[in-house]
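Subject: Structure handover

Hello,

Here is the structure I promised to pass on. Please open it alongside this note.

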Amino acid sequence: MNYYTDVLKKYAVFSGRARRREYWMYALIHVAIVVVLAILDAVLGIAPVLAGIYVVGTLVPSLAVTIRRLHDLGKSGWWALIALIPIVGGIWLLVLTATEGQSQANEYGENPKAVHA
């Protein structure tokens with residue numbers, strides 16, 4: 001749960017680097033919360049109010065952690081826009097976020113694995 005709350009604490013921090021673990025643990029918890037809220041919306045008959053409010057509320061930290069993840073690969077945050085390309089773009093971003101980051105320091109900062117080791 002710390003990975004999730006740490007990302008929320010860095011609400012609008014777009015600089016630096018994010019490890020794969022930080023990104024994927026946040027993504028897993030985020031999707032689980034959206035699913036639970038969507039089910040709750042359906043049960044209450046108010047779909048998609050609760051899930052929609054949550055997604056909009058977490059849009060900035062989700063974008064920030066994605067950009068930091070791309071920085072770990074040595075890529076600009078603008079690469080997140082690749083997801084706007086139908087079908088291929090989302091798959092490409094998925095592959096990028098699953099790729100191991102650069103082991104050395106890059107223009108976006110020190111290797112986060114070395115800092116946490």
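Which residues make up the largest nonpolar core? First, the ground rules. This is a predicted model, where local features need pLDDT of at least 70, side-chain atom pairs count only at pLDDT 80 or more, and totals for chains, interfaces and linings use all residues. Residues are numbered from 1 along each chain as its sequence is written, and side-chain values use heavy atoms, with hydrogens and water left out.

**The cores**

The largest nonpolar core has ten residues: Tyr 4, Val 7, Ala 18, Tyr 23, Tyr 26, Ile 29, Leu 37, Ala 51, Tyr 54 and Val 65. A nonpolar core here is a set of buried Ala, Val, Leu, Ile, Met, Phe, Trp, Tyr and Cys residues joined through side-chain atoms within 4.5 Å. Buried means under 20% relative accessible area, exposed over 50%, and partly exposed in between (1.4 Å probe, protein chains only). At least two residues of this core come from each of α1 (2-9), α2 (20-44) and α3 (49-57). Helices are DSSP runs of H or I, at least four residues, numbered from the N terminus. The biggest share is from α2, with four residues. A second, separate core has six residues, among them Leu 73, Ala 80, Leu 93 and Leu 96.

**α2 against α5**

The axes of α2 and α5 come within 9 Å and cross at roughly 130°. Axes are lines fitted to C-alpha atoms over the stretch in contact, and angles run from 0 to 180 degrees between N-to-C directions. The two helices are therefore oblique to each other. Oblique is what remains after under 35 degrees (roughly parallel), over 145 (roughly antiparallel) and 65 to 115 (roughly perpendicular). Arg 20, Tyr 23 and Trp 24 of α2 meet Leu 94, Thr 97 and Ala 98 of α5. Contact means heavy atoms within 4.5 Å.

**Trp 92**

Trp 92 also lies in helix α5. Its relative accessible area is 39%, so Trp 92 is partly exposed. Beyond neighbours within four places in sequence, Trp 92 is in contact with Trp 79 and Ile 82.

**Asn 111**

Asn 111 sits in the loop between α5 (88-98) and α6 (112-116). Is Asn 111 buried or exposed? Asn 111 counts as buried because its relative accessibility is 11%. Setting aside neighbours within four places in sequence, Asn 111 has contacts including Arg 17, Asp 72 and Gln 102.

Best wishes
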